[in-house]
Amino acid sequence: MKSIDRKDFCPRYPYEDSPQSIGYNATISAPHMHAYALCKLEPYLQPGMKVLDVGSGSGYLTACMAAMVGSEGRVVGIEHIHELVDESIKKLKIHHSDWLSSGRVKVVTGDGRLGYEEDGPYDCIHVGAAASTTPQALIDQLKAPGRLFIPEGNLSQSIMIYDKDQNGVIHKDKWLGVVYVPLTDEHRQRH
């Protein structure tokens with residue numbers, strides 16, 4: 001996280017340890033939540049690995065993951081608000097235009113609840129908003145072994161860690177109580 005300056009991606013209070021608005025009813029998570037996610041996903045963020053960042057928003061965590069997977073790795077950020085996709089690409093170009101041109105980072109507009117099959121399967125998937133239920137499409141797009149980090153729940157939310165073992169068997173662990181914005185569709189988020 002130290003190698004990617006949060007102020008390049010967060011317009012106000014970039015170092016405040018709380019979620020910050022980035023527009024369109026979206027937030028950038030608090031730095032401690034990004035740290036938790038990176039720590040939990042670290043075994044699957046090794047050089048050369050492939051990652052999907054669902055609800056990539058500002059692009060900050062996408063960039064942190066790209067720093068971890070190195071030049072042989074690939075991180076795909078998917079966000080359903082096209083203005084946030086455009087803004088995150090603009091911000092990535094400030095210091096990491098080579099990551100975009102080389103394909104190390106790709107940011108696309110789409111419904112992240114469905115994953116992004118085009119570049120799958122993924123060593124790990126991070127979801128930055130709370131799903132009411134586990135999106136099966138994301139588990140299906142994990143490699144074996146692979147890991148999914150996802151907040152789940154409505155009023156009561158928890159970070160769930162889904163590990164797919166080398167035989168494709170899913171192991172589920174309820175890890176930490178949290179409060180996230182809901183993982184929803186573009187229309188609901190805009191209104």
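Hi everyone, thanks for having me. One thing before we start: this is a predicted model, so please keep that in mind as we go.

Let's begin with helix α1, residues 31-41. Its buried residues are Pro31, Met33, His34, Ala37, Leu38 and Leu41. If you look down the axis of α1, those buried residues fall within an arc of 160°, so they line one face of the helix. And what do they pack against? Quite a list: β2 (26-28), α2 (60-69), β6 (122-127), β7 (142-152), β8 (157-164) and β9 (170-178).

A straight helix of 21 residues would span 30 Å at 1.5 Å a residue, but the end C-alpha atoms of α3 are only 22 Å apart. Where is the kink in α3 centred? On His96, with a bend of about 110°. His96 is also one of the buried residues of this helix, along with Leu84, Val85, Ser88, Lys91, Leu92, Trp99 and Leu100. Notice that Ser88 and Lys91 are in that buried set too. The partners here are β1 (20-23), β2, α2, β4 (74-79) and β5 (105-109), against which the buried residues of α3 pack.

On to the cores. The largest nonpolar core has 36 residues, and Leu45 and Met65 have the most contacts inside it. The elements giving two or more residues to this core are β2, α1, α2, α3, β5 and β8. Which of them gives the largest share? That would be α2, with seven residues. If you click on Met65 and leave aside neighbours within four places in sequence, you'll find Met65 in contact with Leu38, Leu41, Leu45, Val51, Asp53, Val75 and His126. Two of those names, Leu38 and Leu41, we met among the buried residues of α1. There is also a second, separate core of 19 residues, and its members include Tyr122, Ala131, Leu148 and Met160.

Let's turn to the strands, starting with β7. Eight of its eleven residues are buried, so β7 is largely enclosed by the rest of the structure. On one hand, β7 pairs with β6 in the parallel sense, over four bridges, and there His126 stands opposite Phe149 in β7. On the other hand, β7 runs antiparallel to β8, joined by seven bridges. In that pairing, Gly146 is opposite Lys164 in β8. β7 and β8 form a hairpin with four residues between them, and Gly153 in the turn has a positive phi of about 125°.

While we're on β8, have a look at Ser158, which lies in this strand. Is Ser158 buried or exposed? Its relative accessible area is 11%, so Ser158 counts as buried, the cut-off being under 20%. Beyond four places in sequence, Ser158 touches Ile150, Pro151, Glu152, Lys174, Leu176, Gly177 and Val178.

β1 and β2 run antiparallel, joined by three bridges, with Gln20 opposite Ile28 in β2. Two residues separate these strands in the hairpin, and Tyr24 in the turn has a positive phi of about 60°.

That's my tour. Happy to take questions!

Definitions and conventions
Residues numbered from 1 in each chain as written. Predicted model: local features only at pLDDT ≥ 70, side-chain atom pairs only at ≥ 80, totals over all residues. Heavy atoms only, no water. Buried < 20%, exposed > 50% of the residue type's maximum accessible area, 1.4 Å probe, protein only. Arc of directions from axis to C-beta. Contact = heavy atoms within 4.5 Å. Expected span 1.5 Å × (residues − 1). Bend = angle between axes of the 7 residues up to and from the residue. Core = buried A, V, L, I, M, F, W, Y, C linked by side-chain atoms within 4.5 Å. Pairing = 2+ DSSP bridges.
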